[in-house]
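Dear colleague,

Please find the structure below, with its sequence. My findings follow directly after it, and I would be grateful if you could read them with the structure open.

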Amino acid sequence: MKRLFVIAFFFGFISQSMGQFSQQERDSIYRLSVQDHQLMLQKLQIEFLRPGPSGNPNDPNAANANESKVADYCLPELLVSKDGSKVTSVSAWEKRKQEIKEYFNAEIYGQIPENIPAVNWKVISQKDSVIGKYQVQVNKLLGEVDNSAYPKIEVEIQMTLTLPKNTEKKVPVVLKFDWNFPAGFNPNPDQKNPWQQQLLAQNWGYASLIPTSYQADNGGGLREGIIGLVNKGEPRKLEDWGTLRAWAWGASRAMDYFEKHPEINAKHVAIEGLSRYGKAAMVAMAYEDRFAVGFIGSAGAGGTKILRRNFGEQLENLVSSSQYHWFTPNFIKYGGPLKTKDLAVDAHHLIALAAPRPIFISSGDPKVEGNWIDARGMFLASVHASPAYEIYGEKGLSKTEFPEVGEFLSEGKIAFRIHKGGHTVVPNWPYFIKFAKFYFK
């Protein structure tokens, strides 16, 4: 079965397809997104954007899924500073990291504003429960964002924290960027050993963070949420942060809460995300040093895939009116007057920003998941990020040859595995736990 079309379109509109919006609301979101996108084009003085390829393999403009048709490309240097000097020490790499972050801030993910308001966490409810055979305490939390500077917009961060009971020491926690599924909906009904129980078996806790509770996943919501609150309801400036960076900001605020929790080992907090949330989890790992481990699922273009590869989803797709909100407005120009090759960074720079902390890059079997996310492109980005780990005397990815489906590359601090399933991380949870346990000793 050809899955490119399924992934590109189902996951492109998952929040709407889950019944969160009426048809009228969807139409309004689409209209506002197009209007804001056009406004950004006007600010950038762009008249035309190159169209991205289609996720439907039967379309005339279908995305390339043939390795023999991948054009040659030249990656920007990782360990060479802007002044041309080579990075050979940790101190030099720390300076190089700041250069890379400044570029990401200005051209891809955007700059977090200086006047961002504080968050006050409240426990909304607390109850004891049993999950499988494990006794737990479930806490529903609400992070109330100070909106005194602009009371017209209210922002709240929704999170549920589940911790094992009767433990004698502080526990690790996996923070998951999660979907706001309807009550009673189970995305993995056939899973015999759910990931929650796998974590509890290790005496670990987990937290479900809802990114769309504090920043909507569409351009029509950019004048609301945390981005809209800081901008007091006005449109973004060209260097302003996008939704991915905003979602990562929310994860950092969750980390603030974990650090103050008496039962959580804040030195052992991992972050997980799939698809667009995989992109957000990777951004969080790059910018937030307090996350100890990353579990990055099928992040693809704009996340852990080499953008310069003309395979699967392309930059032109990312800057369209359906996805541009993930990034700073300045990023749009690379789909118009500029091209992908004009970017001074690529995905290997983003992964490298997490060094020397461990990261698990997860993908589904391309025959099942499809080629839209470009598993090989994510692998290659991991290969080219590895020199940053070597600066610290650590091994990055343990192999430079593209692995077979099911092969677990875990000997270095960048782990990589293609499971046999589709667009999910479910089959890789046991492998991630095995990988993370080594660092949670």
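Asn203 is partly exposed, at 29% relative accessibility; buried means under 20% relative accessible area, exposed over 50%, and partly exposed in between (1.4 Å probe, protein chains only). The residue is found in the loop between α5 (195–201) and β5 (205–210). Here helices (H or I, at least four residues) and strands (E, at least two) are DSSP runs, numbered from the N terminus. Asn203 has a positive phi of about 65°, although it is not a glycine.

This is a predicted model, in which local features need pLDDT of at least 70 and side-chain atom pairs count only at pLDDT 80 or more, while totals for chains, interfaces and linings use all residues. Residues are numbered from 1 along each chain as its sequence is written, and side-chain values use heavy atoms, with hydrogens and water left out.

Further backbone features

Lys232 also has a positive phi, near 55°, in a residue other than glycine. Its place is the loop between α6 (225–230) and α7, and at 43% relative accessibility Lys232 counts as partly exposed. The peptide bond from Ala355 to Pro356 is cis, with omega near 5°. Pro356 is located in the loop between α10 and β8 (359–364). As background, most residues other than glycine have a negative phi, and most peptide bonds are trans.

Packing of α7 and α8

Helix α7 (residues 243–260) packs against helix α8 (residues 276–287) at an angle of about 65°, with the axes 8 Å apart. Axes are lines fitted to C-alpha atoms, for helices over the stretch in contact, and angles run from 0 to 180 degrees between N-to-C directions. From α7, the contact involves Leu244, Arg245, Trp247 and Ala248, and from α8 it involves Arg276, Tyr277, Lys279, Ala280, Val283, Ala284 and Tyr287; contact means heavy atoms within 4.5 Å. These residues divide into eight nonpolar, no polar and three charged. In this division Ala, Val, Leu, Ile, Met, Phe, Trp, Tyr, Cys and Pro count as nonpolar, Asp, Glu, Lys and Arg as charged, and the others, Gly among them, as polar.

Aromatic pairs

The whole structure holds 26 aromatic pairs. Rings of Phe, Tyr and Trp (its six-membered ring) pair if their centres lie within 6.5 Å; planes under 30 degrees apart count as stacked, over 60 as edge-to-face and the rest as tilted. One of the pairs is formed by Phe177 and Tyr277, which is tilted, at 6.1 Å centre to centre and 40° between the planes. Because Phe177 lies in strand β4 (residues 171–177) and Tyr277 in helix α8, this pair ties together parts that are 100 residues apart in sequence. Phe177 is buried, with a relative accessible area of 2%, and Tyr277 counts as buried at 2% relative accessibility.

Phe379 and Phe402 form an edge-to-face pair, with 5.6 Å centre to centre and 70° between the planes. Phe379 lies in helix α12 and Phe402 in the loop between α12 and β9, so the pair ties together parts that are 23 residues apart in sequence. Phe379 is buried at 1% relative accessibility, whereas Phe402 is partly exposed at 25%.

Ring pairs also link a cluster, whose members include Trp195, Tyr206, Phe295, Phe360 and Tyr431. Arg417 lies over the face of Tyr431, at 3.6 Å from the ring centre. A charge sits over a ring if NZ of Lys or CZ of Arg is within 6 Å of the ring centre and within 35 degrees of the ring normal. Arg309 is placed over the face of Phe311, at 5.1 Å from the ring centre.

Loop residues

Ser398 lies in the loop between α12 (375–391) and β9 (408–409) and is partly exposed, at 27% relative accessibility. Leaving out residues up to four places away in sequence, Ser398 touches Leu409, Ser410, Glu411 and Gly412.

Lys341 is found in the loop between α9 (315–318) and α10 (347–352) and is exposed, with a relative accessible area of 58%. Lys420, in the loop between β10 (414–419) and α13 (429–437), is exposed with a relative accessible area of 66%. Apart from neighbours within four places in sequence, Lys420 is in contact with Asp365, Val368 and Val405.

Yours sincerely
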